[in-house]
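Dear colleague,

Please find the structure below, handed over for your records. My notes on it follow directly after.

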Amino acid sequence: MSPSPSPSFARVLAALCASLALSLAGGCGGAAPIAPPAPETGGGLIGSAAPELAAEVVSGEGPSTLKDARGKVVIVDFWATYCRPCRKSFPKYQALVDRFGGNLAVLAVSLDAPEDVSTEQIAGFADEAGVRFKILWDKDQSAEKAYKPRRMPTAFVVDRGGVVRHIHAGYEDGEEDKISREIEALLGPAGAPPSPSDGDRRSP
């Protein structure tokens with residue numbers, strides 16, 4: 001029969017096993033902090049300069065590039081004619097443009113493949129939605145490669161200095177309310193529109 005380990009050796013062995021168990025627990029969700037998962041969309045663009053757009057202009061009013069829109073908050077919206085949620089989001093974005101006036105611009109970038117649609121079909125989608133903001137077409141996929149949107153639609157909210165501050169992947173009812181609050185924060189008190197009650201206030 002083999003001799004039993006000495007008490008001192010047994011204590012050392014127990015301590016090593018306990019230390020190993022704690023290390024494994026920490027690596028599996030224990031007290032040790034866990035790094036957040038990578039963002040689903042945007043390629044880590046939040047906090048970085050928004051890539052410039054060189055897409056083809058189809059229709060609409062307002063600036064056609066981020067350079068032209070500098071000084072405004074910009075929604076860079078990636079969409080397609082086959083995207084059903086886009087039919088809901090377009091009128092909401094137009095309402096935001098109307099609300100914030102010259103302080104907000106929307107650059108709506110179509111990701112439709114050139115072999116699938118025509119310029120007239122893209123413009124027709126915007127007309128049916130009743131929007132007047134700028135419609136662009138990313139024919140060469142350069143904007144898609146730079147922004148990496150993975151859902152339809154995906155909206156990038158860009159501040160007045162050209163930096164991406166928020167990303168909205170997909171569209172759900174009420175999404176425009178979140179975006180509106182983000183725009184107000186980026187514009188600050190001087191650029192935010194008056195509340196509906198402001199027009200009713202009278203000096204004593």
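With which side chain does the side chain of His 168 make a polar contact at 2.7 Å? The partner is the side chain of Glu 175. A polar contact here is a pair of N or O atoms within 3.5 Å; within protein, one must be able to donate a hydrogen and the other to accept it, and residues adjacent in sequence count only if both atoms are side-chain atoms.

Before going further, please note that this is a predicted model, in which local features need pLDDT of at least 70 and side-chain atom pairs count only at pLDDT 80 or more, while totals for chains, interfaces and linings use all residues. Residues are numbered from 1 along each chain as its sequence is written, and side-chain values use heavy atoms, with hydrogens and water left out.

The chain contains five helices and six strands, where helices (H or I, at least four residues) and strands (E, at least two) are DSSP runs numbered from the N terminus. Their order from the N terminus is α-β-β-α-β-α-β-α-β-β-α. Of its 204 residues, 38% count as buried, that is, under 20% relative accessible area, with exposed meaning over 50% and partly exposed in between (1.4 Å probe, protein chains only).

His 168 belongs to strand 6 (residues 164–169). This residue counts as buried because its relative accessibility is 7%. A further polar contact joins the side chain of His 168 to that of Glu 182, at 2.8 Å. Setting aside residues up to four places away in sequence, His 168 touches several others, among them Pro 153, Val 157, Lys 178 and Ile 179; contact means heavy atoms within 4.5 Å.

Tyr 82 sits in the loop between strand 2 (73–79) and helix 2. With a relative accessible area of 58%, Tyr 82 is exposed. Apart from neighbours within four places in sequence, Tyr 82 is in contact with Asp 112 and Met 152. Tyr 82 and Asp 112 are 30 residues apart in sequence, and their C-alpha atoms are 8.3 Å apart.

Finally, a helix pair. The contact between helix 2 (residues 84–100) and helix 3 (residues 119–129) has a right-handed crossing. On the helix 2 side it is made by Cys 86, Arg 87, Phe 90 and Pro 91, and on the helix 3 side by Phe 125, Glu 128 and Ala 129.

Yours sincerely

Key: Axes fitted to C-alpha atoms, helices over the stretch in contact; angles between N-to-C directions. Left-handed = near helix turned anticlockwise from the far one by under 90°.
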